[in-house]
Amino acid sequence: MSDALTVPVVHLLKAGVLYQSDTPLVWEQILTQQAAIGDYLSVIGLDVVIDRVEGYAYVRQQDSEARDDGVTVPRLVTRHRLSFPVSLMLVLLRGRLADSDADSADPRLVLTRDDLVEMVRGFLPPRSNEAQLVDQIDAHIKKLVDLKALRQTKQTGAYEVRRHIKALVDAQALNDFNDLLATYRSTVSATAKDDA
């Protein structure tokens with residue numbers, strides 16, 4: 001690998017998702033060396049995904065059926081199995097991001113911890129202990145920060161919704177999950193009525 005590829009490839013492999021705003025010099029190297037980076041990573045079964053409009057890049061595992069040589073390459077990129085509440089929060093955040101893009105000129109969507117708690121509270125089964133519910137939601141928020149879907153801002157208790165969430169939850173997945181949520185919500189409210 002040439003020296004020109006070393007820095008951008010290492011950053012892509014380590015970062016998970018690399019944002020233009022976080023590392024502008026590396027971003028420029030990625031754009032300049034995009035074809036060479038793609039060729040290099042394809043040898044180890046990875047594709048580089050670059051969204052110039054949103055300003056982020058990441059690597060993903062190649063689909064084994066998409067390879068020309070038909071070789072199945074062992075999985076290098078870790079898959080994360082997400083719990084229902086974390087998946088729910090991802091979808092809700094994706095919806096909020098879409099609403100923000102439609103209503104606001106600001107490309108950043110910043111939500112407070114209280115906003116996040118209120119956003120998801122109605123979808124989780126009711127609990128007699130409110131503090132326990134909030135602690136559980138805090139754990140889900142931490143998981144989303146670990147997955148880089150949320151980034152804590154300098155303001156205490158505020159989180160920026162990261163733009164690559166659009167790649168994680170596309171429009172079709174958003175629609176499918178909204179249908180599932182409607183079913184789930186009706187089941188939870190029916191269960192709550194039966195328990196009352």
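This is a predicted model: local features need pLDDT of at least 70, side-chain atom pairs count only at pLDDT 80 or more; totals for chains, interfaces and linings use all residues.
Q: Hi! How many aromatic pairs does a search of the whole structure find?
A: The search turns up two aromatic pairs. One of them joins Tyr-19 and Tyr-56, with 5.8 Å centre to centre and 50° between the planes, so the pair counts as tilted.

Q: Where do Tyr-19 and Tyr-56 lie?
A: Tyr-19 belongs to strand 1 (residues 17-19), while Tyr-56 is in strand 3 (residues 56-61), so their pairing ties together parts that are 37 residues apart in sequence.

Q: Are those two buried or exposed?
A: Tyr-19 and Tyr-56 are both buried.

Q: OK, and which residue forms a stacked pair with Tyr-56?
A: That is Tyr-58. The two rings are 6.2 Å apart, centre to centre, with 20° between the planes. Tyr-58 is buried too, as is Tyr-56.

Q: Which residues make up the aromatic cluster, then?
A: Tyr-19, Tyr-56 and Tyr-58 form one cluster.

Q: What lies over the face of Tyr-19?
A: Arg-162 does, at 3.6 Å from the ring centre.

Q: Switching topic: what volume does the second largest pocket have?
A: Its volume is about 210 Å³.

Q: Which residues line that second largest pocket?
A: Tyr-19 and Arg-162 are both in the lining.

Q: How does the lining of the second largest pocket divide into nonpolar, polar and charged?
A: Two lining residues are nonpolar, three are polar and six are charged.

Methods:
Residues are numbered from 1 along each chain as its sequence is written. Side-chain values use heavy atoms; hydrogens and water are left out. Rings of Phe, Tyr and Trp (its six-membered ring) pair if their centres lie within 6.5 Å; planes under 30 degrees apart count as stacked, over 60 as edge-to-face and the rest as tilted. Helices (H or I, at least four residues) and strands (E, at least two) are DSSP runs, numbered from the N terminus. Buried means under 20% relative accessible area, exposed over 50%, partly exposed in between (1.4 Å probe, protein chains only). A charge sits over a ring if NZ of Lys or CZ of Arg is within 6 Å of the ring centre and within 35 degrees of the ring normal. On a 1 Å grid over the protein atoms alone, a cavity is a set of points where a 1.4 Å probe fits but cannot get out, and a pocket is an open set with protein on both sides within 12 Å along at least five of seven lines; lining residues have an atom within 4 Å of a point. Grid points are joined across faces, edges and corners, and a volume is the space filled by probe spheres set on the points. Ala, Val, Leu, Ile, Met, Phe, Trp, Tyr, Cys and Pro count as nonpolar, Asp, Glu, Lys and Arg as charged, and the others, Gly among them, as polar.
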